[in-house]
Amino acid sequence: MTSARTSRVGVRALLAAGWTIVAQRPIDAVKPVQYRLVRIGPTWSMIAFRFFNSAIMDPWHTLNTELDAWSACGKAATLWWRDDDAVAPGPILDRLFAATETTGLLLAVIPANTGPTLASAVADAAHVVVAQHGYSHTNHAARGQGLGAWELGLHRAEQAVLDDLDAGRLRLEALFRDDFIPVIVPPWNRLDPALLAPIKARGFAGVSRFGPRAAGDHCADFATVNSHCDLIRWKTGATFKGEQKTINQLVEHLHARRNGTVDTSEPTGFLTHHIDMDEEGWLFSEQLVQCINRHPAAHWCDDVRSVFGINA
Ligand SMILES: [Zn+2]
């Protein structure tokens, strides 16, 4: 290892542990610059860590360093995988199933648009579990108001939304049988909080959106297990957002869990959309599987049912 590389690794380890190096130049400018270690809090440590990483480091090294920090404190960094918008089988879905063979997969299926051919493909893939992705992935919110797209909002009568969810669940239960778990994945990750109580009353076991779950979101009879890293940049057509930005999202959640600023027990969720992925995104995903499987402190939650507190 070169001395420059050794220095970079040292600085990263310090930042990961919540320390930084401060240079002090004496007023008379004759004596040499002095360096001292300063303890910084988890928030500043994360900001400095991200700045240092994006400026200098190989992003995969960034991820490995964060995982090394989990090793150092004897913790297991857990990840899980969710893929949205599934409707039909084909070579792209085959690639997804192959990529997730060792990781487990929650496949969020659009009930109104799917059918028996997808059910048959899922039945042949023991590591894949199906969740309900809304009903028909239709936006019911007015456009042009900056509120984004909503299927599970109160932009129409609450009963109409719940009727859709009931119909969607019946369809997925009939098609996917034991491969279906009663978990809602709201299209565009948006769910009006007022719908949570009737959703729970219907016997759904949980929900999965985006971002760290808040205190109280997750309890014994209703799970909230979100995704935290989306590898696609959506604004100008779906493209891979790049190794650096994707890994930063993963590391940000892992770092926050390790420091206790978010729910430590929520596994870090990797979100894909197999229909929209380009080759770079696939190569990244396949490399991520290897990276996590190789690291002794990290593992994929391959039993997706148990992630949501559901027994097989
Ligand atoms: Zn979707």
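How many of the five residues of strand 5 (residues 128-132) are buried? Five of the five are buried, so that strand 5 is mostly covered, where a residue counts as buried if 20 or more other C-beta atoms lie within 10 Å of its own, as exposed if 12 or fewer do, and as partly exposed in between, with C-beta atoms placed from the backbone. The model is predicted: local features need pLDDT of at least 70 and side-chain atom pairs count only at pLDDT 80 or more, while totals for chains, interfaces and linings use all residues. Residues are numbered from 1 along each chain as its sequence is written.

**View 1. The whole protein has ten helices and 13 strands.** Helices (H or I, at least four residues) and strands (E, at least two) are DSSP runs, numbered from the N terminus. Of the 312 residues in the protein, 35% are buried. Two residues are in contact if their C-beta atoms, placed from the backbone, lie within 7 Å, and among the contacts with a separation of 6 or more, 66% join residues 24 or more positions apart.

**View 2. Strand 5 pairs with strand 4 and with strand 6.** Two strands pair if DSSP finds at least two bridges between them. Strand 4 (residues 105-109) and strand 5 are parallel and share five bridges, with leucine 105 opposite valine 128. Strand 5 and strand 6 (residues 180-184) also run parallel, joined by two bridges, and here glutamine 132 stands opposite isoleucine 184. In a regular strand the side chains alternate between the two faces of the sheet. In strand 5, Val128, Val130 and Gln132 point one way, whereas Val129 and Ala131 point the other way.

**View 3. Helix 5 and helix 6 each belong to a right-handed β-α-β unit.** One unit is made of strand 4, helix 5 (residues 116-123) and strand 5, and another of strand 5, helix 6 (residues 158-176) and strand 6. A crossover is right-handed if, with the strands pointing away from the viewer, the path from the first strand over the helix to the second runs clockwise.

**View 4. Leu107 belongs to the largest nonpolar core, which has 59 residues.** A nonpolar core is a set of buried Ala, Val, Leu, Ile, Met, Phe, Trp, Tyr and Cys residues joined through C-beta atoms within 7 Å. Leu107, Val109, Val130 and Val183 touch the most other members. Leaving aside neighbours within four places in sequence, leucine 107 is in contact with Asp83, Ala86, Val122, Val128 and Val130.

**View 5. Helix 9 (residues 279-294) has buried and exposed residues.** Its 16 residues should span 22 Å at 1.5 Å a residue, and the end C-alpha atoms are 23 Å apart, which agrees; the expected span is 1.5 Å times one less than the number of residues. Gly281, Phe284, Ser285, Leu288 and Ile292 are the buried residues of helix 9. They cover an arc of only 100° around the axis, which puts them on the same side of helix 9, the arc being that of the directions from the helix axis to the C-beta atoms. The face turned away from this buried side carries the exposed residues Glu279, Gln287, Gln290, Asn293 and Arg294.

**View 6. Alanine 238 lies in the loop between strand 10 (232-233) and strand 11 (239-240).** With 16 other C-beta atoms within 10 Å, alanine 238 is partly exposed. Not counting residues up to four places away in sequence, alanine 238 touches Ile232 and Asp276.
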